[in-house]
Amino acid sequence: MSGVANTVKSAVSSVMSDAKVNDMRRNIIDPGDNDRKGQNLDYGPYISDTDNWLKVTNGTHAGPSLLEDQVAREKIMRFDHERIPERVVHARGAGAHGVFRVYDDRASKYTYAPVLTDPSRETPTFVRFSTVQGSRGSADTVRDVRGFATKFYTQEGNWDIVGNNIPVFFIQDAIKFPDFVHAVKPEPHNEVPQGQSAHNNFWDFVGLQPESAHMVMWVMSDRAIPRSYRTMQGFGVNTYTLLNAKGERFFVKFHWTPELGVHSLVWDEALKIAGQDPDFHRKDLEEAIAHGAYPKWKFGIQVIPEANEHDFEFDILDATKLWPEELIPIEYIGEMTLNRMVDEYFPEVEQVAFCTSHVVPGIGFSDDPLLQGRNFSYFDTQISRLGVNWQELPINRPVCPVLNNHRDGQMRHKITKGQINYWPNRKGTLPPVPTKEGGYAEFTQKVEGIKHRVRGSKFQEHYNQAQLFYNSLAPHEKAHLIGAISFELSHCDDPVVYESYTKILNNIDFDLAKQVAINVGGVIPEAPARSNHGKKSDRLSQTHYVPAEPTIKSRRIAILVADGFSGSEVLAIRAALKAGLATTWLIGPRRGKVYPAGQVVGEGEGMVADHHYEGQRSTMFDALIIPSGAEHVQRLAKNGRAVHWVREAFGHCKVIGAVGEAVAFLRESVSLPGVEFQSAPGSDSVVSSYGVVTTGTYGVTNAAAEPFKIAKGDKGFLANFAYELSKHRCYERELDGLVERVAF
């Protein structure tokens, strides 16, 4: 092409580019223009307050939020309709069916709701677990809050607890929810990052919104990287009310406590699993149910009589505060078991829709400002996603009869006979049901005050419970929290952001703020911004929730082998661990037959390996066992991936067991630092050191003489191994500096 032609082509391209740029410019608004005064409503007027929903208040205590608030309704409704059809939040989910039953009628003193008082009932449930920030395509193991939403199909209608695995939230008033989600979601200019909060906008928002401080402590703790959905607590978060047969009202918070204890991944492991198996949590749920290790949770309530609402130093309606169990104990009244996976993901997990406003007679609402807005927002959102007839979808449909005068609308399922579709009518069709006959009864609540955008004085304190949470953590949990905040802030490239949040941390704990500032290059504080009250609550640490009876139920145990391993030993180990309802997985050099000692490779019967070293990594398992066998151990020692397998498991504080020649493999080839090993060949004595359990021999004879049990002692290889596994991890390795000495 000639030079002239090139010049002409370039000029034409420039003109076309400029023309489109000019065309687009008509739609571009720069919020940073200095001549813009501030925010407007969509129809023009300036907004004077975008932080507080208009409500009835006496200036000290919040009353109900008002539907007349155009600012709040416009803000929430616009937010509700931002995504089509994916959920704006909680897009990535997994679900399962189950049953709920109360132990007895002990809750009847608080409520007349049969689902909470009738032990003869077995109420069907559906639970959807989810992450919050990421899209449907993000990974399961990202650092995030986890949704824990439960639908009870009661005989009186559907009751939804739309909860999380953390008991508090980032904001006090629902009007701030669009701001929070916009800040935590991928940044709008480049749609980055996906499924994580490690970016400028999130930390900018929480740094300027001190009410978030308590929630940030929880999200930066191990709670935000759970080992599985089955080892998470669940919380209703908001304050609801219960109404008893006498007409007395009580404030209530709802709790789920897992049978297996509360356990988490470690950060390096969570990062690796996100790439190795982004569906890790949903697979884990399905695997447990398929193996009959049904996930179970105890259901508890915290209850405050209405007369005692104002007896606490915090406002009980503030969703950024928890109710300390030392002041308001949890009363466990029932149990839920998940026992059936879905038949098809989309019509069940994706189309299930929850509403905080879905309650049944005997359960009601408080003036919690977050709940008041959620009651409006959730219903509006479901209409946007699924259409006005979303409650007719099979997964959302109540099990009780539903008759009313609603008609038409997109995707209507029902065909209603007759000529009457209104009330009152000449035939008396479908009259309202009096409360004495089962109609829903609202509590007759006295409301007085003025319309105002204001929060009560108790809503202004933001750090006491953040301190309480941090003080209550175990040493390894504190170290993980410091590491998490340091990781997140190190991804913020605006100094204003990470320097500002260091100042927030200094209101919680001076040493915490100082260490984070050192780690991220922030301004190191010279003195505490406020004193630490020193109070603790054991129940805020995950270590509190160790099951009363040690268990290894549903734990995944890898048995690492190469050709030449002891076949009888593996059979005995697998049989014993199966008795504890754990699952064992043979990991070999190839997927297919691996040959035990005494068999010719390629000719013997062999044992089928479930995965090979590259196909599944140690991150997928809770523990690791290496059987004896001289030839097999020599092969492992020459395989770098196999050596890394063990080092990585050690670095992630997982339990490791070894028998016979495998003990020398750990000591010499893997070179685990600081660990004591059993060193007497052929001896069945056991040494347990930093979660590494070793013995000289284990086989059919040992298995016959050692019925499966979980116990600590000098005898019983699997008893000691199971005991260490029941503790989940050996975090002493981290605290004593052993982990940092291993490359993994």
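**View A. The axes of helix 4 and helix 5 cross at roughly 145° and come within 7 Å.** The model is predicted, local features need pLDDT of at least 70, side-chain atom pairs count only at pLDDT 80 or more, and totals for chains, interfaces and linings use all residues. Residues are numbered from 1 along each chain as its sequence is written, and side-chain values use heavy atoms, with hydrogens and water left out. Helices (H or I, at least four residues) and strands (E, at least two) are DSSP runs, numbered from the N terminus. Axes are lines fitted to C-alpha atoms, for helices over the stretch in contact, and angles run from 0 to 180 degrees between N-to-C directions. On the helix 4 side the contact (heavy atoms within 4.5 Å) involves D179, F180, A183 and V184, which meet N201, F202 and F205 of helix 5. By class, this contact of helix 4 with helix 5 has five nonpolar, one polar and one charged residues. Ala, Val, Leu, Ile, Met, Phe, Trp, Tyr, Cys and Pro count as nonpolar, Asp, Glu, Lys and Arg as charged, and the others, Gly among them, as polar.

**View B. Helix 2 packs against helix 4.** Helix 2 contributes K75, I76 and F79 to the contact, and helix 4 contributes F177, P178, D179, V181 and H182. The contact residues of helix 2 with helix 4 divide into five nonpolar, two charged and one polar.

**View C. Buried residues of helix 5 pack against other helices.** In helix 5 (residues 200-208), N200, F202, W203, F205, V206 and G207 are buried. Buried means under 20% relative accessible area, exposed over 50% and partly exposed in between (1.4 Å probe, protein chains only). The partners of these buried residues are helix 4, helix 6 (213-219), helix 12 (475-490) and helix 13 (495-505).

**View D. S472 sits in helix 11.** Helix 11 covers residues 464-472. With a relative accessible area of 10%, S472 is buried. Its side chain reaches the backbone nitrogen of S537 at 2.7 Å. Not counting residues up to four places away in sequence, S472 touches K536, S537, L540 and S541.

**View E. A517 sits in helix 14.** Helix 14 covers residues 510-520. A517 has a relative accessible area of 1% and is therefore buried. Apart from neighbours within four places in sequence, A517 is in contact with T502, G522, V523, I524 and P525. A517 and D18 are 499 residues apart along the chain, and their C-alpha atoms are separated by 46 Å.

**View F. An open sheet of three strands has the order 2-1-13.** Its pairing is antiparallel; two strands pair if DSSP finds at least two bridges between them. Strand 2 (62-65) and strand 13 (450-452) are the edge strands, each pairing on one side only. On average, neighbouring strands of this sheet are turned by 40° against each other, direction ignored. Strand 1 (residues 55-57) and strand 13 are joined over three bridges in the antiparallel sense. The bridge partner of K55 in strand 13 is H452.

**View G. Strand 10 pairs with strand 9 and with strand 11.** Strand 10 (residues 296-305) is mostly covered, as seven of its ten residues are buried. Strand 9 (residues 249-258) runs antiparallel to strand 10, and nine bridges join them. K253 stands opposite Q302 in strand 10. Strand 11 (residues 331-341) pairs with strand 10 in the antiparallel sense over six bridges. T337 in strand 11 is the bridge partner of K296.

View H. Strand 14 (residues 556-560) and strand 19 (residues 623-626) run parallel and are joined by three bridges. A558 stands opposite L624 in strand 19.

Terms used:
A polar contact is a pair of N or O atoms within 3.5 Å; within protein, one must be able to donate a hydrogen and the other to accept it, and residues adjacent in sequence count only if both atoms are side-chain atoms.
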